[in-house]
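I opened this entry to keep track of what I looked up in the structure, one topic at a time.

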Amino acid sequence: MKIGIFFGGPSREREISFAGGRTVYDNLDKSLFEAVPVFVDSRGNFILLDWHYIYKGTIRDFYPPVSALPASTLPVQVYLESLGELTQDEQDRIIGEVGRRVQPHELRELMDFAFLALHGPGGEDGAIQGLLEWYGIPYSGSGILPSAFGINKVAQKKLLKALDRPTPNFRVVTVEEWDAADPASTLDYMVRELGLPLVFKAPRQGSSIGVSILREADVTKFAAAMERSLFRKTVTRVEWQKLTERDKLQWVQQLVDIREGIGLPVLVEVAGTEAIALENEAPQPSAIVYHPEALLTALDKHFETAEVVRLTNVDGEAQVLVESFVNGREFSCIVVEDADGKPLALPPTEIVKGEEMFDYRSKYLPGLSRKITPIDLPEADIQRIREACEEMFETFGFQVYARLDGFIQADGTLFLNDPNTTSGMLPASFFFHQAAEIGLNPSQFLTFLIRTSLAARRRGGMQPVRLASLLSQLDAAVASRQQQERTRTKVAVIMGGYSSERHISVESGRNIYEKLSSSVKYEPVPVFLTGNSQEFRLYVLPINVMLKDNADDIREKIELAEAGHATHPILTRIRHEAEAITSTYAGQPVEQPRRITFPELADTVSEVFIALHGRPGEDGALQRELEQYNLPYNGSGAESSSITINKFETNRKLREAGLRVAEHRMANRLEWTADPEAFYQSLEEQFAYPFIAKPADDGCSSAVKKIKNRAELAAFSRLIFRDQEDLMPADASVLQLGFKEEFPQKDAFLVETLIARDGAAHFLEVTGGLLTHWGENGELEIEVFEASEALATGEVLSLEEKFLAGEGQNITPARYAPDPVERQRISEEVKAELRRVAEVLNIQGYARIDAFVRVRQNGAVEVLIIEVNSLPGMTPATCIFHQTALAGYTPYQFIDQILEFGKERNEKLSVKS
């Protein structure tokens with residue numbers, strides 16, 4: 001069956017939609033379905049996307065393509081709408097570089113079913129559902145009316161009030177009312193009617209976009225909250241002129257972010273003075289600005305005379321929903337339809353936040369919030385939540401599935417709000433997290449939703465004969481798939497660990513698991529590693545534990561199981577209610593985590609995929625254990641791994657081989673303890689500020705800092721050499737550590753000179769992947785991929801930029817030069833240097849090498865190696881998949897190549913011994 005996956009779209013949630021569409025594309029059961037990727041751009045064009053673009057980190061990494069971008073000096077990527085008004089021919093040329101335009105009437109020829117991973121306006125509001133109904137294409141989720149209702153928070157509130165259902169008191173303020181109102185009087189009215197705190201929402205947005213909380217009666221903060229929900233920004237001349245040029249650039253970058261800022265294009269309105277003419281334009285009191293650079297220029301020109309400028313996104317909101325704050329425990333509950341079309345609430349998840357608001361980053365970056373399933377309440381209260389969610393599902397007329405959010409207060413009062421007819425579909429989202437509690441992995445859950453959606457469309461009267469035939473075919477294929485389960489190769493996917501990279505390891509491991517589980521060749525077995533350097537402890541994970549939010553949650557579930565804690569009674573109840581679903585699509589009940597020894601692992605699986613990062617995993621210790629039991633594994637051997645884990649030793653070997661690396665030295669705790677002042681002076685004599693300080697054996701940007709002065713050096717040293725587990729707040733503040741940013745404890749750290757442009761004509765940071773093969777005569781061959789250019793928004797690439805969908809800006813292939821021939825010449829030189837690195841370090845399997853590249857005025861190329869990762873991150877958004885896609889490998893094919901290489905290496909070693 002051909003499944004058209006619709007993703008992207010015009011909304012502010014387009015990056016989460018893009019990442020969710022990729023999740024669906026990868027997790028569709030390959031024995032049942034053929035995926036057809038339909039990317040929807042921000043102008044609503046349907047594009048049959050060339051498959052390799054699916055694996056870009058963000059939409060802006062490939063669309064609009066570089067060839068369509070206007071010349072700009074700003075290091076910022078833009079969306080299609082920043083190109084201004086485009087003719088049909090111009091749009092067709094842009095679309096032609098990434099795929100082909102699909103007219104709506106062609107959709108039925110391309111697919112049997114449409115899976116909608118679109119979010120927000122244009123995706124959840126009934127528009128795309130109506131189009132598909134018109135062409136007779138069955139689709140996932142709710143129909144036209146419930147979708148239109150589900151996106152309108154104001155309409156929902158009015159219905160809940162009419163039905164006398166508990167919902168926070170609210171007021172609606174239109175943009176016209178706000179423009180005519182006195183802010184102080186309006187605030188007084190809101191506080192009098194609704195109390196404090198106040199919650200502000202953009203009525204047609206999701207993912208906490210446009211949401212803010214006002215805790216005090218401050219008029220300035222009140223106006224800012226209103227503007228945030230209207231996607232407006234008022235700037236004064238005094239504020240603007242205080243900013244440095246760098247500050248202005250960062251301000252504009254934040255403003256044009258479609259999630260945290262207001263996005264583009266914007267209407268620029270000057271208040272209180274005569275307008276200033278932009279370059280080559282007549283003076284005008286207002287104008288629409290499309291590009292970040294044009295906005296920067298416009299603000300500079302306007303503030304030569306203007307006192308106040310107001311920026312309004314042209315697709316902003318027309319009203320703001322203001323609610324009373326609910327002080328309670330927050331939860332989210334997925335409701336699905338069973339085989340009879342009746343709602344079945346899955347176990348509700350409690351959201352435990354470090355911040356007061358469950359914002360975009362907390363929702364989608366592992367480790368920033370905790371999702372506890374089921375919510376820690378008495379069974380009767382959880383059942384009340386489930387029943388209330390099932391009732392709302394029916395009242396609002398939802399179909400197939402929906403996500404319902406709410407709060408439960410200390411007195412038991414229950415509030416439901418903000419239902420979503422399309423849930424986020426990242427691997428660890430509520431969508432898959434709760435389905436795992438009834439035993440369905442993502443691939444199985446998607447199959448269930450497609451089948452349930454077909455049944456819902458048929459019940460609604462869409463082509464009953466044709467859909468009955470599709471249902472019959474799918475049922476037969478699912479039954480046949482169950483018989484094939486026992487013939488696949490078992491692969492242990494080892495994830496977790498106990499380093500600061502453990503959460504990213506879990507994301508990598510889950511991604512590998514999901515790629516393999518939807519294949520016809522492999523049966524992955526998720527294994528969690530914990531313990532310490534003296535003893536590794538391995539646990540086989542059931543799917544519901546593997547999909548917990550992060551490594552710490554998984555470890556906690558293991559500890560509870562080992563302590564003899566029984567399954568929560570509400571889970572037992574829900575699993576019983578869902579038995580028909582589980583038995584059809586999963587075929588086995590949910591189990592507890594199970595301790596497994598290395599000999600037992602060898603008896604259970606045929607090979608191993610190590611998805612660990614840092615120690616253990618990349619240091620050779622686990623590899624030696626696996627070799628004892630003749631288990632093939634991915635990546636480099638034990639000896640090479642023990643070198644590449646040590647950045648100092650790696651640099652030394654590379655320098656000895658004639659490769660360029662930064663000047664470096666180890667800074668030891670013993671020296672610091674003996675005499676901190678002498679320790680600091682010694683470093684300052686060898687390295688001029690700014691320089692780089694980082695752990696010698698951690699990756700993923702963990703604790704990598706640009707040290708600019710003595711205060712930062714002292715703070716870094718105290719943090720990394722601390723005895724206590726908790727961070728010292730004053731030192732964390734000096735280094736500007738982010739919320740929940742981890743900082744490892746070490747006995748030494750690495751100091752390196754800051755690699756700079758040094759007068760080069762072109763200077764960029766790149767990350768390059770590679771894959772090794774066995775040649776015809778048994779020799780090792782190294783395939784180096786086109787490197788990605790990494791654009792950091794801060795001083796160094798952050799963890800979010802490397803691994804969070806929609807965050808990082810990576811351009812693949814790297815832009816070494818404007819001329820294509822010259823670009824390729826430089827690329828070949830860079831790849832040759834990366835190949836030399838792999839040869840010197842005896843890297844096998846695959847790896848990622850980070851470097852800086854200088855291109856001199858005479859064309860000379862200098863490659864300065866930063867670090868080598870022998871087990872690079874394999875999260876869905878990591879740029880190694882962008883690179884392998886250019887070389888013709890899907891992520892699954894890349895992983896398959898890695899596993900096959902490990903198996904062949906093991907066979908060669910067995911023959912030798």
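**Salt bridges**

I began in helix H18, where Arg 510 and Glu 507 both lie, three residues apart, about one turn of the helix. This is a predicted model. The side chains of the two residues meet in a salt bridge, 3.1 Å being the figure for another pair and 2.5 Å, N to O, the figure here.

I then looked at helix H20 (residues 551-562), which holds Asp 552 and Arg 555, three residues apart, about one turn of the helix. Their side chains form a salt bridge of 3.3 Å, N to O. Asp 552 is partly exposed at 25% relative accessibility, and Arg 555 is partly exposed at 27%. I also noted a network in which salt bridges with shared partners join Glu 379, Arg 386, Glu 390, Arg 573 and Glu 577.

The total I noted is 65 salt bridges. One of them joins the side chains of Glu 307 and Arg 237 at 3.1 Å, N to O. This pair links distant parts of the chain, 70 residues apart: Glu 307 is in the loop between helix H12 (292-302) and strand E12 (308-313), and Arg 237 is in helix H10 (residues 237-241). I have Glu 307 as partly exposed at 42% relative accessibility and Arg 237 as partly exposed at 23%.

**Sheet**

I traced an open sheet of five strands with mixed pairing, in the order E23-E22-E21-E20-E24. Strands E23 (594-596) and E24 (607-610) are at the edges with a single partner strand each, so one side of each has no neighbour in the sheet. Strand E20 (residues 489-496) pairs with E24 in the parallel sense over four bridges, and Ala 492 stands opposite Val 608 in E24. Helix H18 (residues 502-517) packs on the sheet and touches E20, strand E21 (522-532) and E24; its direction makes about 165 degrees with that of E20. Helix H34 (residues 891-912) also packs on the sheet, touching E20, E21 and E24, and its direction makes about 125 degrees with that of E24.

**Cores**

I looked up the largest nonpolar core, which has 151 residues; among those that touch the most other members are Tyr 63, Val 608 and Phe 894. Helix H16 (residues 442-459) gives the largest share of this core, seven residues. A second, separate core has 29 residues, including Leu 654 and Val 766.

Note on methods
Residues are numbered from 1 along each chain as its sequence is written. This is a predicted model: local features need pLDDT of at least 70, side-chain atom pairs count only at pLDDT 80 or more; totals for chains, interfaces and linings use all residues. Side-chain values use heavy atoms; hydrogens and water are left out. Two strands pair if DSSP finds at least two bridges between them. Helices (H or I, at least four residues) and strands (E, at least two) are DSSP runs, numbered from the N terminus. Contact means heavy atoms within 4.5 Å. Axes are lines fitted to C-alpha atoms, for helices over the stretch in contact, and angles run from 0 to 180 degrees between N-to-C directions. A nonpolar core is a set of buried Ala, Val, Leu, Ile, Met, Phe, Trp, Tyr and Cys residues joined through side-chain atoms within 4.5 Å. Buried means under 20% relative accessible area, exposed over 50%, partly exposed in between (1.4 Å probe, protein chains only). A salt bridge is a side-chain nitrogen of Lys or Arg within 4 Å of a carboxyl oxygen of Asp or Glu.
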